[in-house]
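I set down each item as I looked it up.

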Amino acid sequence: MGNTHKKPYGRGDGGPHAESNNSHYDHRRNRGGSSDKYKVSQDSKEKITNGSSKRGSTASVQGDQSSSGKATPVGGNARETVNLDAPCGALPPPLARLKNEGNLLFKKGQFADALEKYSQAIQGYTDSGKTYPEDLCILYSNRAACYLKDGNSQDCIQDCTKALELQPFSLKPLLRRAMAYESLERYRKAYVDYKTVLQIDISVQAAHDSVNRITRLLIEQDGPEWREKLPEIPMVPLSAQQHRREEPPSAEVLQARAEKAKHRVTPTNGSQALKQEGNDFVKKGQYQDALGKYTECLKLKPEECAIYTNRALCYLKLERFAEAKQDCDAALKLEPTNKKAFYRRAMANKGLKDYLACSSDLQEVLQQDPNVQEAENELEEVTKLLRQSLANASPAKPRKPVPITEVSTVFVFI
């Protein structure tokens with residue numbers, strides 16, 4: 001690929017809030033002497049270990065003072081102050097303060113200073129001999145964000161890897177490491193991390209965008225066999241999949257559902273009858289008639305995923321690809337891992353000649369079930385179509401850097 005295709009970083013952590021602009025990082029990789037800059041002084045180590053850091057104050061970063069001598073709050077809001085001694089998990093108070101100071105320094109854009117605070121907290125944690133893996137994971141993840149901001153992708157990867165050893169399948173370190181890998185053009189490893197992120201939380205749009213972007217690059221780089229050259233994508237356990245953690249419905253929602261049920265003209269068995277009629281029409285190849293039955297059924301039971309995927313099949317057979325895609329989107333909102341919805345949306349995207357989106361959906365199907373031969377065959381075909389369309393689109397133009405898109409959940413500290 002060469003080194004001409006460099007991507008600017010996206011925005012980094014901003015403590016409790018992400019930055020509001022779209023500025024990019026400077027690309028200063030592996031700068032000489034950077035490791036000395038972040039070493040923890042012996043004096044700092046002693047203060048942390050002995051618990052002699054200054055405590056008990058409520059202030060902003062670096063104790064900014066107004067003319068009256070009072071602490072200036074973050075952002076200049078006179079009614080808002082920050083308690084630097086607020087508890088942080090199970091961390092001892094001196095280490096909690098260092099972490100809070102690092103978060104606030106990061107918010108102010110003082111990334112090197114924030115990095116030093118996190119380094120001091122990590123060193124203090126090590127010296128204390130305590131065991132707080134979740135808290136240490138967060139410290140490494142926060143320091144990784146500083147490295148990413150500073151263009152130090154190698155150290156960012158190291159810290160993210162340490163964080164993931166402490167707390168496997170932690171979303172923020174995974175996404176930060178993926179960004180770092182991508183900035184170093186290590187696209188296969190970046191792809192694996194982005195796909196793992198999507199197993200944890202399918203709603204992370206930045207990961208979807210990055211998977212599509214890297215898929216295009218890998219096809220250009222490795223050809224139709226690009227998937228065979230990927231490292232193994234780990235399977236995320238159900239307990240770590242955030243999209244499966246559904247909150248119980250509130251009393252208001254339950255009451256609304258009960259009222260809706262009272263006013264239904266047709267009972268549940270009526271909707272099942274309509275669905276069965278639609279299925280019978282599909283078996284006879286009468287897709288327009290089946291489509292009408294499924295549409296009536298959805299009026300009675302709009303929360304049933306299978307009806308959307310069945311109607312999507314009818315739209316596909318009638319070559320109404322945009323409508324088929326909409327039904328698959330609706331099905332995936334109800335069931336984010338529905339294999340039929342991914343496959344039929346892939347076919348809709350193929351009909352719309354959106355080969356990149358088609359490829360992404362087929363990969364999702366194969367990741368869930370590698371034995372789906374139809375998806376394997378379609379992926380091989382659509383990969384050839386995608387390569388052809390990319391070659392026809394810009395045969396002589398150099399590839400432009402694409403900035404990494406961020407989401408607020410990734411660059412918010414805990």
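**Entry 1: a helix pair**

I record α6 and α7 as roughly antiparallel to each other, because their angle falls over the 145 degrees required for that label. In this predicted model, I looked up the packing angle of α6 (residues 153-166) and α7 (residues 171-183) and noted about 150 degrees, with the axes 9 Å apart. The crossing of α6 and α7 is left-handed.

I then listed the residues that meet. From α6 these are Ser153, Cys156, Ile157, Cys160, Thr161, Ala163 and Leu164, and from α7 they are Pro173, Leu174, Arg176, Arg177, Ala180, Tyr181 and Ser183. I sorted the residues of this contact into nine nonpolar, three polar and two charged.

**Entry 2: positive phi values**

I note as background that most residues other than glycine have a negative phi.

Phenylalanine 169 has a phi near 65 degrees, which is positive although the residue is not glycine. I located phenylalanine 169 in the loop between α6 and α7.

I found glutamate 319 in the loop between α13 (305-317) and α14 (321-334).

**Entry 3: leucine 91**

I looked up leucine 91 in the loop between α2 (42-50) and α3 (93-107). Its relative accessible area is 8%, so leucine 91 counts as buried.

Which residues are in contact with leucine 91, leaving aside its neighbours within four places in sequence? I noted Ala96, Lys99, Tyr125, Tyr132, Asp135 and Leu139. For tyrosine 125, which is 34 residues from leucine 91 along the chain, I recorded a C-alpha separation of 8.1 Å.

**Entry 4: confidence**

I checked the pLDDT of the protein chain, which averages 76, with 70% of the residues scoring at least 70. Over residues 1-79 the pLDDT is below 50, and I noted 175 contacts in the model for this stretch beyond near neighbours in sequence. I also marked residues 402-410, where pLDDT stays under 50 and the model has 34 contacts beyond four places in sequence.

Conventions. Residues are numbered from 1 along each chain as its sequence is written. This is a predicted model: local features need pLDDT of at least 70, side-chain atom pairs count only at pLDDT 80 or more; totals for chains, interfaces and linings use all residues. Side-chain values use heavy atoms; hydrogens and water are left out. Axes are lines fitted to C-alpha atoms, for helices over the stretch in contact, and angles run from 0 to 180 degrees between N-to-C directions. Helices (H or I, at least four residues) and strands (E, at least two) are DSSP runs, numbered from the N terminus. Angles under 35 degrees count as roughly parallel, over 145 as roughly antiparallel, 65 to 115 as roughly perpendicular and the rest as oblique. A crossing is left-handed if the near helix is turned anticlockwise from the far one by less than a right angle, and right-handed if clockwise. Contact means heavy atoms within 4.5 Å. Ala, Val, Leu, Ile, Met, Phe, Trp, Tyr, Cys and Pro count as nonpolar, Asp, Glu, Lys and Arg as charged, and the others, Gly among them, as polar. pLDDT is the predictor's confidence in each residue, from 0 to 100. Buried means under 20% relative accessible area, exposed over 50%, partly exposed in between (1.4 Å probe, protein chains only).
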